[in-house]
Each structure stands twice: as C-alpha cells, then as structure tokens.
Amino acid sequence: MASQGAWDLTALLNAADPSAALPLRNLWLARLLEWLRHAPLEKSEPLERGARPLPLSRLIHLLNVLERHPDHAANVTGVLAGAWRDLDAVGLFADVGFASRMAMWSEVGHRLRLRLLPGTVETKDLGELFGLLFPDAEDEVWLRAMDDKLLQRLSALFVGALPDVDWRAALVDALTMLVSAIRAAGFSGPLRQRMGPELLANNPFGQLSRAAEDLIDTLKRGDAAELRRALQYLRALLDACHAAAASVPEHLEAWGVSVDIMFEVEQLLERAARAEALLDVLVAEQPARELLQLLAGLVRVVHERRSLRTLFARHYALLARKVAERSAQTGEHYITRNAADYRDMLWRAAGGGAMIGGTTLIKFALAAMTFSAFWAGFAAGVNYSLCFVLIHLLHWTVATKQPAMTAPAMAHKLRDITSEEGLEGFVDEVANLLRSQFAGIVGNLIAVIPVVLGVQLLAWLAFGGPAVGPKEADYVLHSLNLLGPSVFFAAFTGVLLFLSSLIAGWVENWFVFYRLDSAIAWNPRLIARLGAARAQRWSSWWRANISGLAANTSLGLMLGLVPVVLAFFGLPIEVRHVTLSTGQLAAAVGALGVEIFKQPAFWWCVPTIVLIGILNLGVSFALAFLVALRARGIQVADRARLRSAIWRRLRSQPRSFVLPPKE
C-alpha cells in the first residue's frame with residue numbers, strides 16, 4: 001500500500017485484505033487509526049462538528065461510508081475478525097503496564113528501550129501492538145468522549161465481525177493471570193514481612209484464587225444471585241489485599257525505604273485496580289461502555305510506561321522524602337534559638353575553623369609533591385575527608401555543611417504558614433537559621449586565620465622562611481581574584497555540599513533498612529568478640545554517626561576528586577570553599593608579609609571570599625530546600641505573603657538575623 005494511503009480513506013478501504021499476512025493486517029489497522037487522528041476533512045464530510053474531537057468525526061464518516069458500501073464493510077470486518085482470531089488479547093489486559101521483573105532498574109532499561117527503539121507490527125501480542133495503534137497520548141481523550149450512539153454503531157461493527165466469538169474469554173483469562181500475580185506478590189517475603197499483621201489475619205491473598213475461580217464458574221452458569229455474591233466476595237478480598245499492600249509504605253517510613261519494594265507495591269496495587277476494571281466489564285449489563293473506558297485507561301498506561309520521569313517521580317518520592325527527613329533531623333542540631341546555643345555554635349565553629357586551618361597547610365604540602373593528577377586529587381580528598389570526619393567526631397562544625405541539612409527542617413515548617421501564628425513561627429526559623437549561619441561562618445573564619453598565620457610565623461622563626469612560600473602565595477592571589485572564575489566555582493562547590501547531604505541521607509536509610517544497627521548489637525559472632533555491652537555501644541554509636549560519617553567522607557572525596565575527573569573530560573572546574581579559601585589567603589599574607597596589603601590583587605580577593613561564602617551557603621540551601629519541598633509535596637501558594645512577613649521582620653528586628661535574643 002502506498003504511503004499516501006494513510007491519508008486517503010478510499011485507498012485505505014481498498015487495501016483492507018482479510019487474507020493478507022498478519023503483519024500487513026496489523027499495519028493496515030495502524031494506518032487506519034492514524035487516518036482517524038490526523039487526516040484532513042474530505043469534501044463529503046460535514047464541516048460542523050461542534051466540540052467533537054476530530055477522530056470521532058472521522059470515525060462517524062468511516063461508519064457512514066461502510067454502511068453505504070457493503071463490500072468495503074465486509075473487508076473491514078474480515079480484517080477485524082482475523083485480528084481477534086490471530087492476536088493474543090490476554091496480554092493486552094493482563095500485561096500492559098506491568099513489569100515482567102519486579103526490579104526497578106530492569107524497568108528503567110525496559111522504558112529506555114521503548115523510548116529509543118522502534119516497535120514492529122510483526123507480532124501476535126495485542127498488548128505489544130496496542131502501543132503502535134494508539135501512539136498518541138491524546139487518544140485517551142477522544143476514546144472517553146465517544147457518545148452512546150456512536151459507541152453503539154461501533155459495537156455493531158465489531159459484533160458483525162465476531163458473531164460467534166466469546167469476547168469475554170480473553171478478559172476471564174486476564175483476570176485469572178492478574179489474580180495469580182497479586183497472590184504471588186502478597187506471599188513474597190519482602191512485602192509480606194512489611195504488611196500490617198492485622199490486615200493479613202484473614203489470609204486475603206490465600207483466598208483470592210479460589211474466589212476468582214468461583215466467580216468465573218458462576219459467570220459461565222449465568223446465575224445472577226450467585227454472581228452478585230461471588231462478585232461481592234472477590235471485591236472484598238481485592239480491597240483487603242489493597243489495604244495490606246498499602247500498609248507497606250508505613251513500615252518503610254519507619255524502618256528504611258527500598259525503591260524495589262515500593263515498585264513491587266505499586267505493581268500489586270495497579271494489578272488490583274486492573275482486576276477491578278475487568279470485573280466491571282465482565283458483570284456489566286452494557287459492557288461496551290466499560291470496555292471503552294478500560295481501553296482508554298490502557299492508552300494512558302502505555303504512555304506512562306514510556307515515561308522515565310513518571311517512574312522516578314512516583315517510586316523515588318518516598319526515598320527522597322525520607323532522605324530529606326533524615327537530613328532535617330540532623331539539621332535541627334545546626335539551628336540556634338537562644339544565646340546559649342549561639343555561643344555554643346561559635347565555639348564549635350571555631351574548633352572546626354582551627355582544624356581546617358591545619359588542613360589548608362597540609363593541602364599546600366601535598367600540592368608540592370609530584371603526584372599524578374588523579375593521585376593528587378585523591379590525596380587532597382582524603383585530607384579533606386579526615387579533617388571533616390575529625391571535626392564531626394569532636395562535635396565541632398563547618399558552616400558550609402549546615403545549609404543542606406537545615407533546609408529540609410525549614411521546609412517542614414512551611415506546612416504551618418496558613419495561619420498568622422504559623423507564618424510568624426516560620427519567620428522565627430528563618431531568623432534562627434540565618435543567625436546560625438552567621439555564627440558558623442564567623443566561628444570558622446576567626447579560627448582559621450590565626451591558626452594559618454601562627455604556623456607561618458613559627459616556620460619563619462624556626463626555619464627562616466614560611467611554610468607556604470611566595471610562589472604559592474602569588475597563585476592564591478591569582479586564583480581568588482574577583483574577575484576570575486572563582487564565583488562560578490563557589491556555586492559548583494555549593495552543589496557538592498548539597499550532594500553530600502543526599503549521600504548522607506541515602507547511606508543512613510540503607511543502614512536502617514538493612515538493620516545494621518541491630519546486626520551489630522545482636523550478631524552472635526560480634527557479641528562473642530566484643531561482648532554484649534560493647535556491641536550495644538557500638539550499635540548506638542554507628543546509628544548516631546553513620547549520617548555524619550557519610551556526609552563528611554563523601555564531601556571531602558568530592559572536593560578532591562571531582563575537579564580531577566572533570567578535568568579529564570576537558571572541564572577545568574575547581575572548588576572554592578569559603579573556609580579553605582580564607583585559610584589560603586591567610587597563608588599568602590603569612591608568606592608575603594604586610595607588603596601584601598599594598599597589592600591590589602589582595603583587595604580583589606577579599607570580596608571574592610564574601611561571595612564564595614554566600615554562594616556556598618545559598619546554592620546548597622536552595623537545592624536542599626527545593627528537594628525537601630518536592631519530596632513532601634509542599635506547595636508555597638502565597639509567596640508574596642511569605643516575603644512580606646520576612647521583610648517586615650527584617651525592618652523591625654534586623655538584629656535578630658545576626659545576633660541571638662537578649663537573655
């Protein structure tokens with residue numbers, strides 16, 4: 001058939017051949033549906049269609065033509081009869097929209113193949129062909145918009161094509177397959193162990209197959225009273241199975257999230273919904289309308305099955321929320337609310353700044369060694385990681401780590417801003433957060449500068465020269481110049497700070513999900529080696545510190561290795577961390593002495609340090625805040641009201657954003 005036949009009804013009807021090979025008949029059906037969607041109006045068609053979608057107007061025209069030309073009608077009904085006879089319709093109702101393997105990444109691969117590789121009409125699986133017949137997501141709209149009169153005419157065409165075929169047989173087989181899959185999923189260990197025990201008391205999954213068999217037998221006998229009873233019982237069991245599966249996320253909320261388990265739950269719930277839809281068709285007095293709604297729903301499912309965004313948004317939502325919530329729990333420790341907290345933050349930040357001062361000097365020493373690019377980056381990453389981990393273990397703090405942790409805690413407060421009291425409470429938290437950030441930055445910087453200058457001075461006194469020499473100092477002045485790329489590098493570093501918080505939340509979730517704290521406390525071999533009391537202490541320690549260790553280790557390694565990896569791909573991106581950069585500038589002062597203050601290059605570096613701090617904090621906070629909002633499904637409806645409240649507080653109490661309330 002010529003390609004232009006897809007746009008010409010006469011050519012299409014002339015090409016309808018019931019005796020053609022199956023691929024040719026499948027191709028004809030696909031081109032007929034393409035003609036319904038996109039062909040222009042013909043002269044013989046009425047121009048006034050009202051609000052009716054174009055495919056329905058074309059369908060009416062097609063039916064009119066078939067009623068006037070019995071020979072064309074015979075060929076079309078022959079093609080339809082052959083398609084129903086030669087195609088496996090069970091897969092359409094039982095398989096479309098469901099994964100063959102209960103694994104998230106297997107489904108990702110399947111969806112990529114659907115998006116990237118073309119399909120073929122050379123198939124006996126109606127479920128596979130269905131996506132080629134309805135490739136447009138708008139097909140669902142015009143299918144649902146079909147009125148009863150048009151549906152009756154279309155049904156008559158199919159009945160004429162299939163006078164002696166039991167059309168219910170495919171739906172019955174599909175129902176049997178769905179029930180078997182639901183039963184198997186309900187008995188699988190990962191799901192069964194996480195369902196509410198009270199919801200499994202009556203063994204709904206175990207009774208499901210027998211109930212489905214009873215309904216099918218009753219349907220064949222045609223006993224209306226027995227059919228109502230069997231239908232009610234099967235639907236009650238499906239509801240019980242649905243409730244049991246829906247209880248799994250509650251367990252995951254408390255004991256750690258698994259994306260694969262969430263995927264299994266979603267598949268089970270969707271199969272239960274599909275089984276309900278099949279029951280609606282099988283027991284309906286006028287099944288054509290219910291069948292049409294089922295097919296329209298399958299069109300939507302086919303297009304959702306191709307979407308990677310839908311898959312990740314649906315199945316990673318719970319994981320993202322738990323990661324954000326675990327970060328929020330950590331972030332609460334970084335928010336100061338009174339003078340005592342503020343002083344404590346200053347002291348802990350000063351400790352962190354002093355430690356980073358030593359790390360800065362070690363970085364210069366490592367840079368002086370003749371490592372290859374990768375090993376130089378790895379050594380720098382290990383240096384940073386050890387520094388950050390030691391700061392964590394000593395209960396000190398690094399200011400730039402705070403925003404990514406505090407942002408989820410702030411996002412949680414947004415739920416209450418509908419009331420004036422809740423709005424003022426959120427503004428209080430904004431002031432607390434900014435005050436905490438200020439204390440953290442000040443504490444870091446007031447410690448890192450004297451530590452680096454002190455070491456430089458000691459080196460002058462002991463060895464007659466600075467630990468960091470003039471050559472390195474000139475490099476620092478050049479690299480931190482405001483006119484260079486340092487501002488962009490600072491924003492990129494903010495992204496790494498944010499990523500470290502995500503890694504920390506994910507690792508903590510993994511630790512909780514696999515119950516490693518319980519394994520440390522109660523594993524027989526560990527108890528025999530450590531003793532019961534020490535095993536309990538180790539368990540508590542790891543549970544309390546796993547997030548911090550993951551965050552600090554990942555951040556340090558990323559600061560050292562990511563620039564090296566990007567440079568390999570020709571992207572000369574570096575990191576700019578405000579405390580480390582301040583330490584480097586202090587080292588330059590210690591190398592060049594007071595003469596450095598006469599150099600314009602030094603004064604170009606000072607505002608750069610300020611911008612690096614703002615971007616480190618701002619970018620990491622903004623990204624974490626956005627993820628927390630989306631993970632919790634929070635919509636900030638009245639942004640203007642929120643901004644107004646913050647500005648009002650800033651004008652009336654500017655001190656509250658920098659200093660703690662007076663005692």
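Visitor: Leaving aside its neighbours within four places in sequence, which residues is Phe 93 in contact with?

Guide: Among them are Leu 171, Ala 174, Arg 274 and Leu 298; contact means heavy atoms within 4.5 Å. Bear in mind that this is a predicted model, where local features need pLDDT of at least 70, side-chain atom pairs count only at pLDDT 80 or more, and totals for chains, interfaces and linings use all residues. Residues are numbered from 1 along each chain as its sequence is written, and side-chain values use heavy atoms, with hydrogens and water left out.

Visitor: What makes Phe 374 and Trp 375 an edge-to-face pair?

Guide: Rings of Phe, Tyr and Trp (its six-membered ring) pair if their centres lie within 6.5 Å, and planes under 30 degrees apart are stacked, over 60 edge-to-face, the rest tilted. Here the centres are 5.1 Å apart and the planes sit at 80°, so edge-to-face it is.

Visitor: And what are the values for Phe 602 and Trp 603?

Guide: That edge-to-face pair has 4.9 Å centre to centre and 85° between the planes.

Visitor: Why is Phe 602 called buried?

Guide: Buried means under 20% relative accessible area, exposed over 50%, and partly exposed in between (1.4 Å probe, protein chains only). Phe 602 has 7% relative accessibility, so it counts as buried.

Visitor: Why does Trp 603 count as partly exposed?

Guide: Its relative accessibility is 48%, so partly exposed is the label for Trp 603.

Visitor: How does Trp 375 count, buried or partly exposed?

Guide: Trp 375 has a relative accessible area of 49%, so it is partly exposed.
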